[in-house]
Amino acid sequence: DDEGVSRIDLTHEYLRAATEYGLTYRELKQMARASLEHSFLPGDDLWSAPDTFLRIVAPCSGQRLGAATPTAACSSFLAANPRAAAQWELESRYRVFESSFK
């Protein structure tokens, strides 16, 4: 997974997973979520239970996932937890990408 060593990048690995192994968009999305959850980013996760991606932590619950203007409690949580902030950003990007197909 090191581009400098293996001469690959993550985009091509996702493309390969879809074309050679038939992974669906939903599966690729779950893999991307899992990669952030298990990354070396500091702080707490956005998700309330490991590897389920069903419920978000209390400070951010009750609002649209990846919203451009999270509540004050959620903003504070995201500011204190870089991992959760990256996860929030990923969800925001999913919303933008997926809305282009509606």
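Student: What makes up the secondary structure of this protein, and how many helices and strands are there?
Tutor: In this predicted model, the protein has five helices and zero strands, and read along the sequence the pattern is α-α-α-α-α. The C-alpha atoms fill a box of roughly 40 × 35 × 20 Å along the principal axes, and of the 102 residues 28% count as buried.

Student: What makes C60 and C74 a disulfide?
Tutor: The cut-off is a pair of cysteine sulfur atoms within 2.5 Å, and the sulfur atoms of C60 and C74 are 2.1 Å apart, so the pair meets the definition of a disulfide. A search of the whole structure finds one disulfide. The pair links distant parts of the chain, with C60 in the loop between α3 (25–37) and α4 (72–80) and C74 in helix α4, 14 residues apart.

Student: How do you know whether C60 and C74 are buried or exposed?
Tutor: Buried means under 20% relative accessible area. C60 has 0% relative accessibility and so counts as buried, and C74, with a relative accessible area of 0%, is buried.

Student: Which residues of α4 are buried, and why can one say that they line one face of the helix?
Tutor: The buried residues of α4 are C74, F77 and L78. Seen down the axis of α4, these buried residues fall within an arc of 95 degrees, so they line one face of the helix. An α-helix has 3.6 residues a turn, so residues three or four places apart point the same way. The face of α4 turned away from its buried side carries the exposed residues A72, A79 and A80, while what covers the buried residues of α4 includes α5 (82–99).

Student: What makes up the largest nonpolar core?
Tutor: That core has 12 residues, namely L46, W47, F53, I56, V57, C60, A67, C74, F77, L78, A84 and W88. Helices α4 and α5 each supply at least two residues of this core, and the largest share, three residues, comes from α4. One member, L46, touches R55, I56, V57, C60, L65, F77, L78, A84, Q87 and W88, when residues up to four places away in sequence are not counted. In soluble globular proteins, nonpolar side chains tend to be buried together.

Student: Why is the contact between E91 and R33 called a salt bridge?
Tutor: A salt bridge requires a side-chain nitrogen of Lys or Arg within 4 Å of a carboxyl oxygen of Asp or Glu. For E91 and R33 the closest N and O atoms are 2.7 Å apart, and the pair forms a salt bridge. It links distant parts of the chain, E91 in helix α5 and R33 in helix α3, 58 residues apart. E91 is buried, with a relative accessible area of 5%, and R33, at 11% relative accessibility, counts as buried.

Student: What about D45 and R83, and where do these two residues lie?
Tutor: The closest N and O atoms of D45 and R83 are 3.4 Å apart, and the two form a salt bridge. D45 lies in the loop between α3 and α4 and R83 in helix α5, so the pair ties together parts that are 38 residues apart in sequence. R83 is buried, with a relative accessible area of 13%.

Student: How do you know that E37 has no salt bridge?
Tutor: The cut-off is within 4 Å, whereas the nearest side chain of opposite charge to E37, R83, is 7.6 Å away, and E37 is buried yet has no salt bridge. E37 lies in helix α3 and, leaving aside its neighbours within four places in sequence, is in contact with D45, W47, A49, P50, D51, F53, R83 and Q87.

Student: Where do R93 and E89 lie, and what is the accessibility of each?
Tutor: R93 and E89 both lie in helix α5, four residues apart, about one turn of the helix, and they form a salt bridge with the closest N and O atoms 2.7 Å apart. Exposed means over 50% and partly exposed lies in between; R93, at 56% relative accessibility, counts as exposed, and E89, with a relative accessible area of 37%, is partly exposed.

Key: Residues numbered from 1 in each chain as written. Predicted model: local features only at pLDDT ≥ 70, side-chain atom pairs only at ≥ 80, totals over all residues. Heavy atoms only, no water. Buried < 20%, exposed > 50% of the residue type's maximum accessible area, 1.4 Å probe, protein only. Lys, Arg positive; Asp, Glu negative; His and termini not counted. Contact = heavy atoms within 4.5 Å. Arc of directions from axis to C-beta. Core = buried A, V, L, I, M, F, W, Y, C linked by side-chain atoms within 4.5 Å.
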